[in-house]
Amino acid sequence: MWYHRPAINEELLQSLPNLKVVASSGVGIDHLDLKLLSSYGVKVSNTPFIVSTDTADLGMALMLASSRRLVEGHEMAVSPDTEYFPADWLGTEVSGATLGIVGMGVIGYKVAERSKAFEMKILYHNRNQRKKEEESAIGAVYCKKIDDLLRQSDFVLLAVNLTPQTHKLIGKRELELMKPTATLINISRGLVVDQDALVEALQNKVIEAAALDVTYPEPLPRDHPLLKLKNVIITPHIGSATKKTRWVMMEEMAESIEAALAGLPVPRQVL
């Protein structure tokens, strides 16, 4: 499966009685019905670890691009109508700011490692608290309640899996808890955020900006209000989109397929 295609449903499974394995690219498995696949005796694999470094890099890129208004700046610099650069055109500081990471798995931790180099204060909210030595290595402070993280953070970065518990995790209430100067960064799944509430928050200056690698649907309809806001950066779900990573993802998918067909344990099997 690449970009969640083809759709795996009961009709397809019935038409493929000899199917042994579904090898899905990337880490997310919210597009798969694991119980349905298991009932047909079909194994599932993904490529969870290779994507983490590039996705963390993109999270940092979105934070920097949004805070320093790079897209707007580029448009100004190349516009045929630009006669001078205004002195009061300003961005927001990243160095020394507070970053709140929601979801401190492999990707979230790698974002924290990068943020430490920017001398950021790092808060995180996770189902389970990290070990003390892991926290100390990056200078991270655990917030048991997400509300505490939202109130304190200059940047809130989402790096959670999409589950029933994280579906629209960030909605109107959560956005209103954030600082009016805060930026929301989403590198997880579009459905982790209530997009209607986000549009309203951005339009009404409840928060300052958003930087999104994921939306729902993908791509957004061309008349969607998020596409018209200057305080939003949207990229086309490119967290893992580097040449090396995509090549390794394909190699790992092929490994899983070959193992399943040979009756061997499937590497990176999703249980």
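Predicted model: local features only at pLDDT ≥ 70, side-chain atom pairs only at ≥ 80, totals over all residues.
Good morning, colleagues. I begin with the sheet. Seven strands form an open sheet, and their order is β5-β4-β3-β6-β7-β8-β9, with parallel pairing. At the edges stand β5, residues 140–142, and β9, residues 232–234; each has a single partner strand, so one side of each is left without a neighbour in the sheet. From one strand to the next, the twist averages 15°.

Within this sheet, strand β3, residues 98–102, runs parallel to strand β4, residues 121–125, and five bridges join the two.

Helix α5 is the next element. It spans residues 106–116, and its buried residues are I107, G108, Y109, V111, A112 and S115. What do these buried residues of α5 pack against? Their partners are α3, β3, β4, α6 (132–138) and β6 (155–158). As a general point, an α-helix has 3.6 residues a turn, so residues three or four places apart point the same way.

Is T183 buried or exposed? Its relative accessibility is 4%, and the cut-off for buried is under 20%, so T183 counts as buried. Leaving aside residues up to four places away in sequence, T183 touches S66, D154, F155, V156, M178, A209 and A210. By contrast, K35 is 148 residues from T183 along the chain, and their C-alpha atoms are separated by 37 Å.

Next, the pockets and cavities. The second largest pocket holds about 300 Å³ of space. It is lined by 20 residues, of which R69, E72, K230, N231 and V232 are the closest to its centre. The elements that contribute two or more residues to this lining are α3 (52–67), α4 (70–78), β8 and β9. The largest share, four residues, comes from α4. By class, the lining of this pocket divides into nine nonpolar, six polar and five charged residues.

How many cavities of 30 Å³ or more are counted? The count is one. The largest cavity has a volume of about 30 Å³, and its lining consists of N186, G190, V193, Q195, L198, L212 and V214. Four of these lining residues are nonpolar, three are polar and none is charged.

I close with the backbone. Most residues other than glycine have a negative phi, and most peptide bonds are trans.

At 43% relative accessibility, Y3 counts as partly exposed. For K168 the phi is about 50°, and its place is in the loop between β6 and α8 (172–177). K168 likewise counts as partly exposed, at 36% relative accessibility.

Thank you for your attention.

Terms used
Residues numbered from 1 in each chain as written. Heavy atoms only, no water. Pairing = 2+ DSSP bridges. Axes fitted to C-alpha atoms, helices over the stretch in contact; angles between N-to-C directions. Buried < 20%, exposed > 50% of the residue type's maximum accessible area, 1.4 Å probe, protein only. Contact = heavy atoms within 4.5 Å. 1 Å grid on protein atoms, 1.4 Å probe; cavity = no way out; pocket = protein on both sides within 12 Å on 5 of 7 lines; lining within 4 Å. Points joined across faces, edges and corners; volume = space filled by probe spheres on them. Nonpolar A, V, L, I, M, F, W, Y, C, P; charged D, E, K, R; others polar.
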